[in-house]
Amino acid sequence: KWALNHKGSTIAIASVLLLGSVFLFGTRPQAFLPDFGDIRLTASVDLPDDYSMSETNDLTLEFEEALGNVDGLGAVMTEVGGSGGMEAFFLGGSINQSAASISMALEDPTQANEFTALLREEAVKVFGTDNVIVSSGSLSSQGFGGFALVAASEDFSNLEDFNQKAIDALNDVDGLANVSSNLASVNTYLRVDGESAIRFVGELETKDTLGVTTAAKEALESTAPSSVTISEGFESQQQSEGFADTFTAIGVSVVVVYIVMVMTFGSFIHPFTILFSLPLAIIGAAIALWITDSILGLSSLIGLMMLVGIVVTNAIVLGDRVQANVRDRKMEVYDALVEAGRTRLRPILMTAIAAILALVPLAIGLSDGAIIASELAIVVIGGLTTSTLLTLLIVPVMYSILDRFSKNEKKSDK
């Protein structure tokens, strides 16, 4: 009753909450997929050729001793000496005595970025800056979360001059590590749309993988001469396009839901009032992601898509009762809205609470390693919480405001 008697204040409060939620969404790190599953850190050692296997082993033992002071590491496996692969096996190639590989497991995969930076610092102290590369590996970083940018030019000499400047610029981007290009191999040539090109790759050591990719592209564009054009490589392009396509899918789902409601209610106006419940879900979703410090990624967007159907269902339950009160019971709109809110409160709350409780195990991470990450459950729980509470207030207010247009609609039909 208070909301219906103070429509302006009610809408103003909801608008402020909605704008605040949009701001919170903007502060969330963005990644196509989060890191999940088994994450291992690897230190690849390549010392000068004059190192013997004994000397290489001594340095790896020194590194292992340093690892003993790091809490949170799991099993550590060290392999000293490189066999040279299949070529050495068939052709009898000698063992590379100056090479080694140290693989380290993590007790808490969510701290992969912090441990990678820490262990890289320790590895550089032992092996030297140019002799070791420390990287992290997981399913999301192997194809789903990779980084690649491409620089193209009609004149290959422009790319040769730009190569080192570009690598230096990319290494200065926070969250990006182990940057290299295809020019590291003299036998590798690349062309994009007929133009000579360089492909820069690196490892993303951040939650905000899409944000870092954007920053890296801007860094190259500000460094590159006018004769060189910068574009996203395959990995980065797939992530950006996938992210944009998911937003498009959410928009399509909203349109489809509206069309179905128009066909069901036989009106263009009242389904529109029900759609006002959707922005209310965004409020809770943004707050939930912020509280849990979660990323805005594919799982989160799928959660938003699910909310389109779930939230609208609750609003339909309320709107259908209002329609029945006005049409069958000949009640005034104000009385019909109050009665519907009172009558439908219990089933709406029961539906929302049941859905929220069902998603709690996924939200708190009881299904570690699943591709559908906890962000999906977090978004749905947050969105359902606010939309359920605010739907009972905002939808009746919008119904009463737009009811006059509905009456005009009926008159025009006659």
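**View 1. Arginine 321 and glutamate 339, a buried pair.** Arginine 321 and glutamate 339 are both buried in this predicted model. Their side chains meet in a salt bridge, with N and O 2.8 Å apart. Arginine 321 belongs to helix H11 (residues 298–327) and glutamate 339 to helix H12 (residues 333–363), so the pair ties together parts that are 18 residues apart in sequence.

**View 2. Arginine 28 meets aspartate 293 in a salt bridge.** Here the closest N and O atoms are 3.2 Å apart. The two residues link distant parts of the chain, 265 residues apart. Look for arginine 28 in the loop between helix H2 (7–27) and strand S1 (30–31), and for aspartate 293 in the loop between helix H10 (277–291) and strand S11 (296–297). Arginine 28 counts as buried because its relative accessibility, 9%, is under 20%. Aspartate 293 is partly exposed, at 42%.

**View 3. Arginine 327 and aspartate 328 pair up in a salt bridge.** The N to O distance is 3.4 Å. Aspartate 328 counts as exposed, at 51% relative accessibility, while arginine 327, at 47%, counts as partly exposed. The count of salt bridges comes to three.

**View 4. The second largest pocket has a volume of about 520 Å³.** It's lined by 21 residues, and the closest to its centre are Arg120, Asn171, Ala177, Asn178 and Val179. Elements giving two or more residues to the lining include helix H5 (112–127), helix H6 (156–171) and strand S7 (176–181). S7 gives the largest share, five residues. Sorted by class, the lining has nine nonpolar, eight polar and four charged residues.

Key: Residues are numbered from 1 along each chain as its sequence is written. This is a predicted model: local features need pLDDT of at least 70, side-chain atom pairs count only at pLDDT 80 or more; totals for chains, interfaces and linings use all residues. Side-chain values use heavy atoms; hydrogens and water are left out. On a 1 Å grid over the protein atoms alone, a cavity is a set of points where a 1.4 Å probe fits but cannot get out, and a pocket is an open set with protein on both sides within 12 Å along at least five of seven lines; lining residues have an atom within 4 Å of a point. Grid points are joined across faces, edges and corners, and a volume is the space filled by probe spheres set on the points. Helices (H or I, at least four residues) and strands (E, at least two) are DSSP runs, numbered from the N terminus. Ala, Val, Leu, Ile, Met, Phe, Trp, Tyr, Cys and Pro count as nonpolar, Asp, Glu, Lys and Arg as charged, and the others, Gly among them, as polar. A salt bridge is a side-chain nitrogen of Lys or Arg within 4 Å of a carboxyl oxygen of Asp or Glu. Buried means under 20% relative accessible area, exposed over 50%, partly exposed in between (1.4 Å probe, protein chains only).
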